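The sequence and structure come first.

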Amino acid sequence: MDKRMILGGLLIALSLAVFVSPFASSWPDGLEKVAEDKDFIDLAEVQPLVSSPIPDYAWPGIKDERLATSVAGLVGTLIICGLGLSLGYLLSAKNKR
Amino acid sequence: MHIPDGFLAPQVFGSLWAVGVGGLALALKKTKEILKDKAVPLMGVTAAFIFAAQMLNFPILGGTSGHLLGGVLAAVLLGPYAGTIVISLVLIVQCLIFQDGGLTALGANIFNMAFLGAMGGYFIYRLFRKKTGLIISVGLASWFSVVVASFACAIELAISGTSALSIVIPAMVGIHMLIGIGEAIITCLVINFVLRVRPDLIYK
């Protein structure tokens, strides 16, 4: 039953990340919009402290924007699921005894 | 409302990094004491779902978009501590891998969206649940969690000297009162779905 739940839930998450995210609104989010309107968005134009492998949810090197977003979403969702499961496993280890 | 590098002054992001590390240590300790085996797969699936749902920006009035933050969703399924950890995990991965939210501002983002969003949201959910029933309390808590997080974010920006308090508070809270409606609708739909297929997954 739990295997079915993991697979079902993960499948829903992956479908959203792969098929829906390329069509998400590209308007600025609440904070970005306020920063634009109130003239402090330029402050964010600093070199990021770490360079991220997949900046802005677009897989580098894929020219098609929607495909780049899909691939980034797919990989990100799998990474997060793996980390969440591992962390949960580690944290519950004590209660197994 | 992932704060990027450059918006917060060092004393503000430094303090919130300290609060973030301290709070996460506490949440990890608490989770270790109470996490049940059956909640482990739910942690992975909830984290994956919230990450994916955060990519789905929905349009709001005036050329602005919003997306699910997921604090109340995570806490209703996993409890306040594991819920906080899941949201923090999402924020850490978004910052390090997707450049969404600055590394300097990570403590602030964890404070706003995980501590206030999941833990604070859970508190509001429990406050209302007996009086209003589960779904309405989920909706109220979701809305409040977004508005409270945006209020905290505005105060952090003001203390940093990024924008004046009298300007940034109404601007941030105003727009997030609308985004919070989206948060409430999505969270209620998902919890309603869980109640239909696996009601046992709701955290007791």
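## Loop residues with positive phi

B:Gln99 sits in the loop between helix 3 and helix 4 (106–132) of chain B. In this predicted model, its phi is positive, about 55°, although B:Gln99 is not a glycine. Most residues other than glycine have a negative phi. B:Gln99 has 21 other C-beta atoms within 10 Å and is therefore buried, the cut-off for that class being 20 or more.

In chain A, A:Asp56 is another non-glycine residue with a positive phi, here near 60°. A:Asp56 belongs to the loop between helix 2 and helix 3 of chain A. Is A:Asp56 buried or exposed? With 12 other C-beta atoms within 10 Å, A:Asp56 is exposed, since that class takes residues with 12 or fewer. A positive phi near 60° also occurs at A:Asp39, which follows helix 2 of chain A.

## Fold of chain A

Chain A has three helices and zero strands, in the order α-α-α along the sequence. The radius of gyration of chain A is 18 Å, whereas a compact globule of 97 residues would have one near 13 Å. Along the principal axes, the C-alpha atoms of chain A fill a box of roughly 55 × 30 × 25 Å.

Of the 97 residues in chain A, 31% are buried. When contacts in chain A between residues at least 6 apart in sequence are taken, 50% of them join residues at least 24 apart.

## Fold of chain B

Chain B contains six helices and two strands. The box filled by the C-alpha atoms of chain B is roughly 45 × 35 × 30 Å along the principal axes.

Buried residues account for 61% of the 204 residues in chain B. Among contacts in chain B between residues at least 6 apart in sequence, those joining residues at least 24 apart make up 72%. One residue of the loop between helix 1 (10–34) and helix 2 of chain B is B:Lys36. B:Lys36 has 13 C-beta neighbours inside 10 Å and so counts as partly exposed. The C-alpha atom of B:Lys36 is 9.9 Å from that of B:Leu78, and the two residues are 42 residues apart along the chain.

## Nonpolar core

The largest nonpolar core holds 95 residues. B:Met43, B:Ala47, B:Ala48, B:Ile50 and B:Val86 have the most contacts inside this core. Helix 3 (residues 71–98) of chain B gives the most to the core, with 17 residues. In soluble globular proteins, nonpolar side chains tend to be buried together.

B:Ala48 also has partners in chain A. Leaving out residues up to four places away in sequence, B:Ala48 touches A:Leu10, A:Ala13, A:Thr77, A:Ile80, A:Cys81 and A:Gly84.

## Contact between the chains

Chain A puts 52 residues into the contact, and chain B puts in 60 residues. On the side of chain A that touches chain B, the elements giving two or more residues are helix 1 (2–20), helix 2 and helix 3 (65–92) of chain A. Helix 3 of chain A gives the most to that side, with 14 residues. By class, the residues of the side of chain A that touches chain B are 32 nonpolar, twelve polar and eight charged.

How do helix 1 of chain A and helix 2 (residues 39–54) of chain B run, and at what angle do their axes cross? The axes come within 8 Å and cross at roughly 10°. Helix 1 of chain A and helix 2 of chain B are therefore roughly parallel to each other, a term used for angles under 35 degrees. Among the residues that meet here are A:Met5, A:Leu10 and A:Ala13 in helix 1 of chain A, and B:Val45, B:Ala48 and B:Phe49 in helix 2 of chain B. The contact of these two helices has 13 nonpolar, two polar and one charged residues.

Helix 2 (residues 30–37) of chain A has A:Gly30, A:Leu31, A:Lys33, A:Val34 and A:Ala35 as its buried residues. What covers these buried residues includes strand 2 (64–66), helix 5 (134–159) and helix 6 (165–197) of chain B.

Notes: Residues numbered from 1 in each chain as written. Chains lettered and ligands numbered in written order. Predicted model: local features only at pLDDT ≥ 70, side-chain atom pairs only at ≥ 80, totals over all residues. Helix = DSSP H or I, 4+ residues; strand = E, 2+ residues; numbered from the N terminus. Contact = placed C-beta atoms within 7 Å. Core = buried A, V, L, I, M, F, W, Y, C linked by C-beta atoms within 7 Å. Rg over C-alpha atoms; globule rule 2.2 N^0.38 Å. Nonpolar A, V, L, I, M, F, W, Y, C, P; charged D, E, K, R; others polar. Axes fitted to C-alpha atoms, helices over the stretch in contact; angles between N-to-C directions. Parallel < 35°, antiparallel > 145°, perpendicular 65-115°, else oblique.
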